[in-house]
Structures are given as structure tokens and as C-alpha cells.
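Let's walk through this protein together, one question at a time. Have a look at the sequence and the fold, then read on.

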Amino acid sequence: MLGVLYDIHGNLPALERVLAEAEAAGVDRWLLGGDYGTPSPWPLETLGRLEQLPDATWIRGNGERWLREPPLDRPEVMESYAAFRGCLPEDVVDRLYGLPQQAELDGMLYVHGAPLSDVESFAPQPQPGEERLLDGVRDRLVVFGHSHQQFRRPGPEGVELLNPGSVGMPLDGDTRAAWALRPDDGEFEFRRTEYDNERAAAAFRELGGNFGEMVAGRIERGSD
């Protein structure tokens, strides 16, 4: 059984509860979809827990790319990454930055945001021109994250779009951790997992600054 985890964002309390539930359900292999632990209160702890997972396929999110390619046009992100700089050893940064941008498992394509980009993604409802984000992909299931909203729907060009949601920072109005599993011979199943939101929000708030307060509020509300 495959467990699919996206957008953990260093929320260790959420990750620990999700992993316990997934392992109890029989998950024995993993797809890890990027944005693992930076910046956050528990970056190394989050990575360490993920590295313990057996048979795990990792892909890179924009959070890992920004460790080497900071977004100069987004000062609020630059501020948080500047404060975080030095929290990860350079060999860990190199490994995260070097992760592949996509993966194929069981005939399905896994990306972080979209086949075209790790900072653009699909909305829960069809949008004009969204076929551009497919970058030529057709007639298959595409699994993605980045928008932190759990949904599945038909997309353009014969594509089926599936977002398992965010483990660490859901933005679909539900504060529970979001993820998915798929039996080897079955369909994807969406999951939501209760965890200690107050502990997570307090830890982000302790980081200080606009970033820490913004993430704490998202964790408490399940939305912006």
C-alpha cells in the first residue's frame, strides 16, 4: 500500500500522527511530494523521521529549490529563508536541492505543483488556460500538491488531477492533516488526521516574525 504525503512544512506533530495512522493501515511504501521542513521549528527532526520510512520515493518542492534559488521577487519568503539559513547542514541542502522534480509510480505522474512548474498548481475548480500547466502531459493521472487543498477532478487533455492535500498546513478549511493512500490494486483514498494543532501553532509562533505568525494562523484556521 502506498502512502502519499505532500507539503509537510516541518509540522512534526502532524507528521507523527499521520505516519502512525498510515502504518496502522498497512502502508509499506511512500511517495513524498516536496516541501518537507523548511523553514520550520523542526526541520532536521522532520527530515530524520522521513528518512526512516522504507521504500520511499522523494521529489523536490519549491521549498527545497529555494534553498539554492531564493525567490528574489517574494520578500516575505526571502525574510523567512534568511532567518532559517544555517539550520541545515550543507550536505543536506545539497541532497534536497538535487531531488528529482517528478516521479512515475505505477503509471502515474507525481509532481509538486504542476508538470510545468513547482510554484504553479491547479485549483479545485477548472480554470481558463490550465492546460498550459500540463506542459504536454496527456491522458493520465497527475498527482500534485503545493496548493494545500485536497481534491480530485478531471482536467484538460484527458488528464485526471489529484491533490492529496497538505500534511502540515491545510488550506481547504479543515485543520486536520491531509494525505492519501492507495492499495496496490485499488483507488486512491483521501485521509484526514487529527493532531495537536495548538502545539504546532505555538512552535511556529515562537519562530517570530511575519512568517511564524502567518503559518501559526494557517494551522489554527485551515486557511489563509
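Predicted model: local features only at pLDDT ≥ 70, side-chain atom pairs only at ≥ 80, totals over all residues.

**Overall build and one hairpin**

Q: What share of the residues in the protein is buried?
A: Here a residue counts as buried when its relative accessible area is under 20%. Applied to the 224 residues of the protein, that cut-off gives a buried share of 53%.

Q: Which residues form the covered face of strand 4?
A: In a regular strand, side chains alternate between the two faces of the sheet. In strand 4, residues 102–105, the uncovered face holds Q102 and E104. The covered face is made up of A103 and L105.

Q: Which residue of strand 5 stands opposite A103?
A: Strand 4 is joined by 4 bridges to strand 5, residues 108–111, and the two run antiparallel. In strand 5, the residue opposite A103 is Y110.

Q: Which residue takes a positive phi in the hairpin of strand 4 and strand 5?
A: This hairpin has 2 residues between the strands. The positive phi, near 55°, belongs to D106.

Q: How far apart are the mean positions of the positive and negative charges of the protein?
A: The protein carries 22 positive and 40 negative charges.

How values were computed: Residues numbered from 1 in each chain as written. Heavy atoms only, no water. Buried < 20%, exposed > 50% of the residue type's maximum accessible area, 1.4 Å probe, protein only. Lys, Arg positive; Asp, Glu negative; His and termini not counted. Charge placed at Lys NZ, Arg CZ, Asp CG, Glu CD. Pairing = 2+ DSSP bridges.
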